Structures are given as structure tokens and as C-alpha cells.
Amino acid sequence: MHVQTQVQLKNLNTLNLSAIASHYVKINQPSDAIEALAFAKKNDLNVLILSGGSNLLLPEHIHALVIHLNIQGIDRIDEDENTVTVKVGAGQVWHDFVLYSTQQHWYGLQNLALIPGLVGASPVQNIGAYGVEVGEFIESVQVYDRELQQFSSILSQDCNFAYRHSRFKEEPNRYIILSVTFKLLKKAALKLSYGDLQQAMADELTAENLQNKVIQIRQSKLPNPKDFPNVGSFFKNPILTQAAFDKISQQFPNTPHYPQANSDVKVAAGWLIDQAGWKGKQLGTVGMFHKQALVLVNYADATLADVKKTYQAVQFDVKQKFSIQLEPEPVLYSEQGLIQAHGD
Ligand SMILES: Cc1cc2nc3c(=O)[nH]c(=O)nc-3n(C[C@H](O)[C@H](O)[C@H](O)COP(=O)(O)OP(=O)(O)OC[C@H]3O[C@@H](n4cnc5c(N)ncnc54)[C@H](O)[C@@H]3O)c2cc1C
């Protein structure tokens, strides 16, 4: 384990924010986590866990130990007639694992192809796309529990998975996720409920085709962070009570919405942003993408302060028009390496 100092993280976060970490270490195996935590304690540093950097907002200077997860490995640990159980290192690239699972004829994750980031981050916000959330296919999550100072395994039902939410968000500084155990299907049960997919899947229905369609649709709609640095959807789709939604739809009858199981209604944040005039609009070097209003782009060397200015202006305009407070999706960090509430 080699701790480096004054490390530039610009190329390690997909929004390309310049962020210099006072201390940085890459960990390759679970036992390194203990050593890294001991170093942080000895040097009185907070700890910031970094994976693919595709869902976080970093300040220009971070006085903390940044622990970069690089634990590899894909092990088939069990199977029965219908399912296969696979344990995957936190440092595996998510999309590569999805492609590999499809090649192996392990099914379930195909709708989640091309989501950036690493496997260890997938349970944190319960990544989801095209009608599937990863929590549906997670059996357990292996962690180092910083509070109890021990390794443990958390069963899926104890992970509190919900829309872009999990136990790991509720207790942000407690767990280091070291690997994730998935239970995948041997027979494909394709989920085509999402509008675009149904239309696109006129061809032969196979898991491989579904995965390819998802990749195609995503490439046509979402900017590649290499060309337009971004963190994907910048805001969560707001979930309203039926009464609150009825009020909005009286004034805006075309509001795209998705009824939820408990009678709440999810509203498309991208549409709200578009209607508030922000699609393709920039404030300085930061703006909302011209093809997808939900994606905030760093067009040139923006800092976190620039990003904040833009997203707060978007929030303000959407609130003025619809009385809805948009909530940012990426995790915001302070200069001390701690997770902050947006708006602080
Ligand atoms: C172009 C684009 C498209 C996207 N599309 C989607 C999408 O369709 N659906 C979706 O849900 N998300 C999407 N995202 C968001 C993002 O890719 C996911 O949230 C992804 O899981 C983040 O992974 P990461 O490895 O980059 O995590 P990071 O950004 O490095 O970390 C995110 C948070 O998780 C914590 N964390 C990460 N790994 C661990 C670990 N091993 N242990 C403990 N804590 C950890 C970090 O500390 C941080 O707070 C998109 C992003 C981009 C740029």
C-alpha cells in the first residue's frame, strides 16, 4: 500500500473537476482497507471512498485520505437449476461485468449496460435504468464496517434498496464495499416495460439484442463523459403525492409521469428542466446538455463553485415554474472529504 500526497483527481472524476487530494491510496485487496483506515486515523484524516468518480462532486482541495477501490475478481460461487451466484470485486468496471455476464448467459443486468462506474458503487445508489434496478439482482454486499471495525456481509433485504437509495446512503461513512454478490438468472426474463425499448425491440427478443439496444439508445441520448464531462442524470426524478401531481397536471396537462406502486407519481425531471428553459442553456462554462436537459456538462475547466451556480439556477427556475424542488443525484463533498447536503 503506497499513500501518495497532493494527487490531482481531475481524470478520476467524469465531470473533470480539478480536485487535489492531500492523500491518496489505491487498494487492491480487502486487507488493504484496514491498513488505509489505520493510516487515516494516525494522521487524523477523514476518508473519501472513490470508485469510478461518475457520481460525485469534488471541491478543488480535499484534505482527506482518498481511498480508490481497485479490488478485482469475478467468482462463480454457487448455482442451481435456475440461478447462478457470482461474487464480484468492487473494483471491476460495471459495464465490463454486464457484458461478461451476458456472454456467460447469466441474465438480469442487460438493461443496466453502459452505466459508468465500478461494481462496488452499484449498490450505493441502487443504480437503475430502463425499468431495472440493480438491487433486484443483489444477493448480498460484502463490506468493511468502520463502526463495528469488522468485515461483514449484508443481505439484500437489509440494504434498504429504493429509487436511487440504499442503506449505504443512509450511513455514508460507515461501510467500505469490497465486493458484491449477484444472483443472476440462467433463463432470460427480459424487461421491456420502458417505452423506448419496446419500440426498439421489434427484432428477435434475446438478452444480447436487449443489451445492444440499451447501449444504442444510451449512446444516442447521453453524452460520453470523454467528450462532454458529466455525471449522467444530474437531478433525481421528483416523486410527488397524487394530490401534488394533480395540481401540476391541471396547469401542465402534458407533464410526463410514471405512477408508483404506492399511488405516488414520479415526474420526469428532464422535462421540467426543459420547460424551465434550460435545455442547451449555459451559465459560464457549465450548462444543461442540448440533447438531454437532465445532464449537466462541464464545457471548460469549471470548478465546483461554477457547477453549484448553474445547478442552483436550474433549481430556482424549476421551483418558480412548477413549485418542485429538484434534488441533485451526485454526492457532494466538502474540503474535509465529508459528504455534504446539497445547498450547504
Ligand atoms: C454518462 C452517465 C450516465 C449515467 N447513467 C446512470 C444510470 O442510467 N443509472 C444510474 O443509476 N446511474 C447512472 N449514472 C451515475 C453513476 O454512473 C452511477 O451512480 C455509478 O454507480 C457510480 O459509480 P462510480 O464507481 O463512478 O462511483 P463514484 O462516483 O466513485 O462514487 C459514488 C458514491 O458512492 C460511494 N462509493 C463508491 N464505491 C464505494 C465502495 N466500494 N464502498 C463504499 N462507498 C462507495 C462514493 O464514496 C461516493 O459517495 C451515470 C453517470 C454518467 C456519467
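A word on the ground rules. This is a predicted model, in which local features need pLDDT of at least 70 and side-chain atom pairs count only at pLDDT 80 or more, while totals for chains, interfaces and linings use all residues. Residues are numbered from 1 along each chain as its sequence is written, and side-chain values use heavy atoms, with hydrogens and water left out.

**Paired strands**

Helices (H or I, at least four residues) and strands (E, at least two) are DSSP runs, numbered from the N terminus. Two strands pair if DSSP finds at least two bridges between them.

| Strand | Partner | Bridges |
|---|---|---|
| β6 (residues 74-79) | β7 (residues 83-89) | 5 bridges |
| β10 (residues 138-145) | β11 (residues 150-155) | 6 bridges |
| β18 (residues 286-288) | β19 (residues 295-298) | 3 bridges |

β6 and β7 are joined by a hairpin through 3 residues, and Glu79 faces Val84 in β7. The hairpin of β10 and β11 has 4 residues between the strands, and in its turn Gln149 has a positive phi of about 55°. Val141 has Ile154 of β11 as its bridge partner.

**The open sheet and its helix**

β18 and β19 also belong to an open sheet of 4 strands, ordered β13-β19-β18-β17 with antiparallel pairing. Its edge strands, β13 (230-233) and β17 (282-283), each pair on one side only. Within the sheet, Gly287 stands opposite Val297 in β19. Helix α8 (residues 304-322) lies across β17, β18 and β19, and runs at about 35° to β18.

How do α2 and α5 run relative to each other, and what is at their contact? The axes of α2 (residues 94-103) and α5 (residues 207-221) come within 10 Å and cross at roughly 155°. Axes are lines fitted to C-alpha atoms, for helices over the stretch in contact, and angles run from 0 to 180 degrees between N-to-C directions. The two helices are therefore roughly antiparallel, a term for angles over 145 degrees. Their contact (heavy atoms within 4.5 Å) is made by His95, Val98, Leu99 and Thr102 of α2 with Glu208, Gln211 and Ile215 of α5.

Notes. Parallel < 35°, antiparallel > 145°, perpendicular 65-115°, else oblique.
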